[in-house]
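The following note sets out numbered points for a colleague's review. Please read each point against the coordinates.

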Amino acid sequence: LMQLSVPLNFIGFIYREIRQGLTDIEQMFDLLDVRQEVVDAPGATPLVVEAGRVEFRDVHFAYEQNRSILKGVSFEVPAGKTVAIVGPSGAGKSTISRLLFRFYDVQKGAVLIDGQDVRDVTQESLRASIGMVPQDTVLFNDTVAYNIRYGRIDASDEDVRRAAGLAQIGPFIEGLPDGYRTMVGERGLKLSGGEKQRVAIARTILKSPPILILDEATSALDSHTEQEIQAALDLVSRGRTTIVIAHRLSTVISADEIIVLKDGSIAERGTHAALLKAGGLYASMWDRQREATEAEERLRIAREND
Ligand code: ATP
């Protein structure tokens, strides 16, 4: 029995290491389920990103038959601009990012990047062109430097430090006992949600993709952290085509266009100011969120005074 248990342990160890590496992407995209469905078309060629214009053209999509999630969604993100997708929970916001990465194929319509249908290009080239800052980044059990360098394996130490600085996490890392060599992840130092997100931003700065998806955290961050993250996100999205999947509304104010999804269709679209003025769904979501934020703030102050 002893002889058997050692290799089994070892296999368990390897399995966990591989799992850990995959969790990051898998968590967001259920990659393992999807991989069997989506394959490169025969004769697929690499995506050629020129300006980086993204277009959803009359997209219909369902995960399961008879339950459509997107029902004819059309929008465009001009090169270098930012479009925010907002809407109630379950409206299909994250589905849009999965379709852009082609983790699933649309049932009708098309997803295009600079006029190229994502079904006609190699998945490798597609995914190399899109950067993702996920809601909840899972870190590798390795150094903080490794976790940042993962964005571009051949980046120099100087590049890693510069990216961390831009992502507003440099001073925090330098203050750790082992600096950039500090072990993080499950078996190392546990980072907060906001710190992990800044590590993900630093990674993306290193990867420097022409197209970016920011999947904003659902969880509330304190307002100081939120401001720091916002500054880092503004920096990384500058000049890149950016889609913000917004679960809170505070980051969408400066978007070039806001798309309000409801029950799989676009209910409203426009700038923050125009949508507020229109007094529709967006305006009521905004009011509700502001009330919630104010209530939280009052609670915090009350606690501090206790
Ligand atoms: P939230 O703001 O709560 O994150 P969302 O707008 O991002 O929501 P999506 O994650 O796009 O919503 O999901 C849209 C709908 O699709 C939901 O009803 C969800 O249950 C369903 N859905 C998501 N992923 C799958 C899947 N892999 N298989 C089947 N249904 C799914």
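**Notes on the predicted model**

1. The lining of the second largest cavity comprises six nonpolar, no polar and three charged residues (Ala, Val, Leu, Ile, Met, Phe, Trp, Tyr, Cys and Pro count as nonpolar, Asp, Glu, Lys and Arg as charged, and the others, Gly among them, as polar). The residues concerned are Leu 99, Tyr 104, Asp 105, Val 106, Ala 110, Val 111, Asp 117, Val 118 and Arg 119. A cavity is a set of points on a 1 Å grid over the protein atoms alone where a 1.4 Å probe fits but cannot get out, and lining residues have an atom within 4 Å of a point. The space in this cavity is about 40 Å³, and the whole structure holds two cavities of 30 Å³ or more. Volume here is the space filled by probe spheres set on the points, which are joined across faces, edges and corners.

2. The model is predicted: local features need pLDDT of at least 70 and side-chain atom pairs count only at pLDDT 80 or more, whereas totals for chains, interfaces and linings use all residues. Residues are numbered from 1 along each chain as its sequence is written, and side-chain values use heavy atoms, with hydrogens and water left out.

3. Strand 1 (residues 54-64) runs antiparallel to strand 2 (residues 67-77), with eight bridges between them; pairing requires that DSSP find at least two bridges. Helices (H or I, at least four residues) and strands (E, at least two) are DSSP runs, numbered from the N terminus. His 60 has Lys 71 of strand 2 as its bridge partner. Two residues lie between the strands of this hairpin, where Asn 66 takes a positive phi near 65°.

4. Six strands form an open sheet of mixed pairing in the order 6-7-8-3-9-10. Strand 6 (130-133) and strand 10 (265-270) are its edges, each pairing on one side only. Within the sheet, strand 3 (residues 82-86) and strand 9 (residues 257-262) run parallel and share four bridges; Ala 84 has Ile 258 as its partner in strand 9.

5. The axes of helix 8 and helix 9 (residues 223-237) come within 10 Å and cross at roughly 10° (axes are lines fitted to C-alpha atoms, for helices over the stretch in contact, and angles run from 0 to 180 degrees between N-to-C directions). The two helices are therefore roughly parallel, a term for angles under 35 degrees.

Key:
On a 1 Å grid over the protein atoms alone, a cavity is a set of points where a 1.4 Å probe fits but cannot get out, and a pocket is an open set with protein on both sides within 12 Å along at least five of seven lines; lining residues have an atom within 4 Å of a point. Angles under 35 degrees count as roughly parallel, over 145 as roughly antiparallel, 65 to 115 as roughly perpendicular and the rest as oblique.
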